[in-house]
Structures are given as C-alpha cells and as structure tokens.
Amino acid sequence: MRNFLLCFVALCAIVVSSCETNNSTVDEPKLEITSDTTLSVDKSGGIYTIEYSVTNPVEGQKVEVDVVNPQMITATDADMFGQVKVSISANTSTDVREGAVVIKYGSLTQTVKVLQAGEEN
C-alpha cells in the first residue's frame, strides 16, 4: 500500500508539472527613427545620415531602403546597422523639392521626409 501511495504521489507531481503553461513570450521587433523625421537639405545637396534603432531584432533580418523621388535622392547606404546614408543631388531649380527615404525592417516601415531648398532668383 505504501508503494502504491508513493507511486500515486509521484504520478500526480508529474501530471501537475506537465500542465504548467509556458509564459515566455517573444517580443516583436520595433523599428524607430532616432534622428529627425524630416530632413531639411540646402540647395547644394550632399550626403546625409538618418539614424534608426531596432528593438528585439530578428536574427538574419536586414534593413532595406527605398526612396521616393530618385532624381533627388540618388544613393543609399544601409551597411552600418543603425544608420542610413543618403546622397541628395543639387537642386538647380527655384522650386523646393520633396522626397522621402523609406526604411524597412521585415514588415515594419518608417519614413523620413526630405525637403530641399531651391535656387534663389
């Protein structure tokens, strides 16, 4: 009887411990622009840096960059994690130009608006 009771208690302990729920959760990644979300560029253009951060990064996931108005924003470099470098061409018109840099991390996107002054009359 004593062996039966001991086996019963051991079996109950196994059943109770196997019924515990796993409360560990995986935090989703988060993409944030840490520099200004509007980039003001003078008429001569140049190379500018946009800074971002990724919280809870996914192993193997890379940042991708798209541009709006590729005549204005001619090159991007996202090789250094946390920074995107963009090259803005000179604005020879008198009009203000607008463009954007879209930073993507998986399904997450953040956009930085780019405004460039025009030539003075």
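Biologist: How many aromatic pairs does a search of the whole structure find?

Modeller: The model is a predicted one, and the search of the whole structure finds one aromatic pair. Its members are Tyr52 and Phe81.

Biologist: What makes Tyr52 and Phe81 an aromatic pair, and why is it called edge-to-face?

Modeller: The ring centres are 5.7 Å apart, and rings pair if their centres lie within 6.5 Å. The planes stand at 75°; over 60 degrees counts as edge-to-face, so the term applies.

Biologist: Which parts does the pair tie together?

Modeller: Tyr52 belongs to strand S3, whereas Phe81 sits in the loop between strand S5 (73–77) and S6, so the pair links parts 29 residues apart in sequence.

Biologist: Why is Tyr52 called buried?

Modeller: Its relative accessible area is 4%. Buried means under 20%, so Tyr52 qualifies. Tyr52 is also the bridge partner of Ile33.

Biologist: How do you know that strand S1 (residues 30–33) and strand S3 (residues 46–55) pair?

Modeller: Four bridges join S1 to S3, and the two run antiparallel. Pairing requires at least two bridges, so S1 and S3 count as paired. S3 is also joined to strand S6 (residues 83–88) by six bridges, again antiparallel, with Lys85 as the partner of Thr49.

Biologist: What makes S2 and S4 edge strands?

Modeller: In the open sheet ordered S2-S8-S7-S4, the pairing is mixed. S2 (38–41) and S4 (63–68) each have a single partner strand, so one side of each is left without a neighbour in the sheet.

How values were computed. Residues are numbered from 1 along each chain as its sequence is written. This is a predicted model: local features need pLDDT of at least 70, side-chain atom pairs count only at pLDDT 80 or more; totals for chains, interfaces and linings use all residues. Side-chain values use heavy atoms; hydrogens and water are left out. Rings of Phe, Tyr and Trp (its six-membered ring) pair if their centres lie within 6.5 Å; planes under 30 degrees apart count as stacked, over 60 as edge-to-face and the rest as tilted. Buried means under 20% relative accessible area, exposed over 50%, partly exposed in between (1.4 Å probe, protein chains only).
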